[in-house]
Amino acid sequence: MGKKISILEDDQGIREIVELIFLQEDYEVTGFATVNDFMSRKSDSLPDLFLLDVMLPDGNGLNVCEMLKTEAETSNIPVLMMSAHADLITMKNQSKADGFISKPFDIDHLISMVKKTI
C-alpha cells in the first residue's frame, strides 16, 4: 500500500466513494463518520494526509483542523478541507488547512489536490 489518508466525512456515500477512489490510487485509507470516532482513532499510525469535511453532526472540521495543527505529533501533516456549505475565502481565513475542495468535487481535481499536497 502507498501513503495513508484519514477521511472525516459524515455522508456515508461520499466517504465510501472517496475511500474507493484512493484505494484504487494505491493509498491506505481510513474513514470516520463523526468527530468522536475520529478523535478515538489510533494515534500510533499517523496518516500522510487528513481530508476533513467542515460540517459534521457532532462538531466542525475547522475545529478539528485547528487541533491537528496545534498538536506536536500532527502539526506537520497536511490537511485538506472539503465543504459544500462553507465560503472558501472565509474558510481560508479561519483555517490553518493546506488546501480546500468545494463539493461537489471533480474526482480528477480531488486526486490532483491530494497528490500535490503529499
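This is a predicted model: local features need pLDDT of at least 70, side-chain atom pairs count only at pLDDT 80 or more; totals for chains, interfaces and linings use all residues.

Biologist: In what order do the strands of the open sheet lie, and in which sense do they pair?

Modeller: The order is E2-E1-E3-E6-E7, and the pairing of these 5 strands is parallel. Strand E2 (28-32) and strand E7 (99-102) are the edge strands, each pairing on one side only. From one strand to the next, the twist averages 20°.

Biologist: Which residue of E7 is the bridge partner of Met81?

Modeller: That partner is Phe100. Strand E6 (residues 79-83) pairs with E7 over 4 bridges, in the parallel sense.

Biologist: How is the packing of two helices described?

Modeller: In general, one gives the angle between their axes and the distance between the axes. Here, helix H1 (residues 12-24) packs with H5 at about 60°, and their axes are 11 Å apart. H1 is therefore oblique to H5. The contact involves Val18, Ile21 and Phe22 of H1, together with Ile107, Leu110, Ile111 and Val114 of H5. The crossing of H1 past H5 is right-handed.

Biologist: Across which strands does helix H5 lie?

Modeller: Helix H5 (residues 107-117) lies across strand E1 (4-8), strand E3 (49-53), E6 and E7, and runs at about 175° to E7.

Biologist: How many residues of helix H3 are buried?

Modeller: In H3 (residues 61-70), 7 of the 10 residues are buried, among them Leu62, Val64 and Lys69. At the start of H3, a side-chain oxygen of Asn60 comes within 2.6 Å of the backbone nitrogen of Leu62.

How values were computed
Residues are numbered from 1 along each chain as its sequence is written. Side-chain values use heavy atoms; hydrogens and water are left out. Two strands pair if DSSP finds at least two bridges between them. Helices (H or I, at least four residues) and strands (E, at least two) are DSSP runs, numbered from the N terminus. Axes are lines fitted to C-alpha atoms, for helices over the stretch in contact, and angles run from 0 to 180 degrees between N-to-C directions. Contact means heavy atoms within 4.5 Å. Buried means under 20% relative accessible area, exposed over 50%, partly exposed in between (1.4 Å probe, protein chains only). A polar contact is a pair of N or O atoms within 3.5 Å; within protein, one must be able to donate a hydrogen and the other to accept it, and residues adjacent in sequence count only if both atoms are side-chain atoms. Angles under 35 degrees count as roughly parallel, over 145 as roughly antiparallel, 65 to 115 as roughly perpendicular and the rest as oblique. A crossing is left-handed if the near helix is turned anticlockwise from the far one by less than a right angle, and right-handed if clockwise.
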